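Have the structure open and try each task before you read on.

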Amino acid sequence: MTALWFEYQKEIENGTRTIENFLNYVQNNIEIEIKAIKESDLKLSSTKTTQAKNTIACPQCKNGFLVRRESKNTKGAFFYGCSEFRKIFIQF
């Protein structure tokens with residue numbers, strides 16, 4: 001899709017297409033994709049449900065899960081922190 005958009009943008013630069021045409025094209029494609037998803041039997045699960053199968057729940061907040069992160073200060077040093085750290089600072 002992005003390759004098509006790139007070509008479309010080159011045509012806009014050359015003056016053979018307009019920005020309005022491009023935006024209508026993108027909106028039409030989005031509407032088609034949304035309709036196809038609604039009509040399919042595609043089952044979507046929440047990120048937390050999917051991640052919960054392969055992760056350890058945060059023992060402090062119980063909402064997030066433990067994520068291994070590399071220290072910004074010490075290369076090669078790792079720590080585990082809660083995925084919800086932006087809401088509450090917890091580090092192990």
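The exercises below go from the overall fold to aromatic rings, charges and cysteines.

This is a predicted model, in which local features need pLDDT of at least 70 and side-chain atom pairs count only at pLDDT 80 or more, while totals for chains, interfaces and linings use all residues. Residues are numbered from 1 along each chain as its sequence is written, and side-chain values use heavy atoms, with hydrogens and water left out.

**Exercise 1. The fold**

Find how many helices and strands the protein has, and their order along the sequence.

Solution. Start with the DSSP runs, numbered from the N terminus: helices are H or I runs of at least four residues, and strands are E runs of at least two. That gives three helices and two strands. Next, look at burial (under 20% relative accessible area is buried, over 50% exposed, in between partly exposed; 1.4 Å probe, protein chains only). Of the 92 residues, 14% count as buried.

**Exercise 2. Two helices**

Work out how H1 and H2 pack against each other.

Solution. For H1 and H2 the angle is about 165°, and the axes are 9 Å apart. Now classify: under 35 degrees is roughly parallel, over 145 roughly antiparallel, 65 to 115 roughly perpendicular and the rest oblique. H1 and H2 are therefore roughly antiparallel.

**Exercise 3. Aromatic pairs**

Count the aromatic pairs, then describe the ones that involve Phe-22 with Trp-5 and with Tyr-8.

Solution. A pair of aromatic rings is described by the distance of the centres and the angle of the planes. Rings of Phe, Tyr and Trp (its six-membered ring) pair if their centres lie within 6.5 Å; planes under 30 degrees apart are stacked, over 60 edge-to-face and the rest tilted. By this rule there are three aromatic pairs. Trp-5 and Phe-22 have ring centres 6.0 Å apart and planes at 90°, so this pair is edge-to-face. Because Trp-5 lies in helix H1 (residues 2–14) and Phe-22 in helix H2 (residues 19–39), the pair ties together parts 17 residues apart in sequence. Trp-5 is partly exposed at 27% relative accessibility, whereas Phe-22 is buried at 11%. For Tyr-8 and Phe-22, the centres are 5.4 Å apart and the planes at 55°, so the pair is tilted. This pair also links H1 with H2, across 14 residues, and both Tyr-8 and Phe-22 are buried. Finally, Trp-5, Tyr-8, Phe-22 and Tyr-25 form one aromatic cluster.

**Exercise 4. Charges over rings**

Which rings have Arg-17 and Arg-68 over them?

Solution. The test is that NZ of Lys or CZ of Arg is within 6 Å of the ring centre and within 35 degrees of the ring normal. Arg-17 lies over the face of Tyr-8, 4.4 Å from the ring centre. The charged end of Arg-68 sits over the ring of Phe-78, 3.7 Å from its centre.

**Exercise 5. Cysteines**

Solution. A disulfide is a pair of cysteine sulfur atoms within 2.5 Å. The sulfur of Cys-61 has its closest cysteine sulfur in Cys-82, at 3.5 Å, which is too far for a bond. The structure holds zero disulfides. As for burial, Cys-61 counts as buried at 19% relative accessibility, and Cys-82 is buried at 0%.

Technical notes:
Axes fitted to C-alpha atoms, helices over the stretch in contact; angles between N-to-C directions.
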